[in-house]
Amino acid sequence: MDKNRKYDEVTAEIASVIGGETSLTARLASIGCLLAQAFAPRFFWTGFYEVDPLKPTELVVGPYQGTLGCLRIPFGRGVCGTVAASGKSLIVPDVHAFDGHIACDSATNSEIVVPVFNAEGKLAAVLDVDSTERDAFDEVDRAGLERICALVFA
Ligand code: SME
């Protein structure tokens, strides 16, 4: 199926599953699960790093699907920390060429990270999707995942 259509479908499914649910953990866990299943096996690791309320310049791992992820990532470090610091999505076609990449699993070859903002427009988390394929993510993924991240606090 065309990737744009797949994103339309999974976005509608996510909106219907999380609609009315007030627990952030339940919302993030359900989004990660539906995304990982919709785009398996291209999405090898799919999950969220949340801003730690006690250490607001540090990310701490949240709900995810995949192999063991690093627990904490300071702002500015790795792909997730870079996105947390800039507030802008990032596609990394080859993680081995990304200076400061944090290798939680050496099977990862490319990744996309998208910021999640709360209702006040403050960064609350980042969505991290890793792939064992090189160059696995494009602008369709960026647009699709940004649309889904906008649902987290909608
Ligand atoms: N690849 C990330 C680290 C997190 S994991 O791969 C799950 C990064 O460099 O930010």
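These legends describe close-up views of a predicted model with its ligand.

View 1. The ligand sits in the largest cavity. Strand 1 (45-52), helix 3 (78-86) and strand 6 (123-131) are the elements that each give two or more residues to the shell around the ligand. Helix 3 supplies the largest share, three residues.

**View 2. Residues around the ligand.** Among the residues that surround the ligand are Trp-45, Tyr-49, Ile-73, Gly-78, Val-79 and Cys-80. His-101, Ile-102, Cys-104, Glu-111, Asp-128 and Asp-130 also belong to this group. By class, the shell holds seven nonpolar, two polar and three charged residues.

**View 3. Polar atoms at the ligand.** Val-79 takes part through its backbone: an N or O atom there lies 3.0 Å from an oxygen atom of the ligand. Glu-111 uses its side chain, where an N or O atom is 2.8 Å from a nitrogen atom of the ligand. Asp-130 places a polar side-chain atom 2.9 Å from an oxygen atom of the ligand. Taken alone, the ligand exposes 300 Å². The protein buries 98% of that area.

**View 4. Ser-131 in strand 6.** Ser-131 lies in strand 6. Is Ser-131 buried or exposed? Ser-131 counts as buried because its relative accessibility is 0%, and buried means under 20%. The side chain of Ser-131 reaches the backbone nitrogen of Glu-133 at 3.1 Å.

Methods. Residues numbered from 1 in each chain as written. Predicted model: local features only at pLDDT ≥ 70, side-chain atom pairs only at ≥ 80, totals over all residues. Heavy atoms only, no water. Near = heavy atom within 4 Å. Polar contact = N/O pair within 3.5 Å; in protein donor to acceptor, adjacent residues only side chain to side chain. Areas by Shrake-Rupley, 256 points an atom, 1.4 Å probe, with all protein chains shown as cover. 1 Å grid on protein atoms, 1.4 Å probe; cavity = no way out; pocket = protein on both sides within 12 Å on 5 of 7 lines; lining within 4 Å. Sits in = over half its atoms within 2 Å of the grid points. Helix = DSSP H or I, 4+ residues; strand = E, 2+ residues; numbered from the N terminus. Nonpolar A, V, L, I, M, F, W, Y, C, P; charged D, E, K, R; others polar. Buried < 20%, exposed > 50% of the residue type's maximum accessible area, 1.4 Å probe, protein only.
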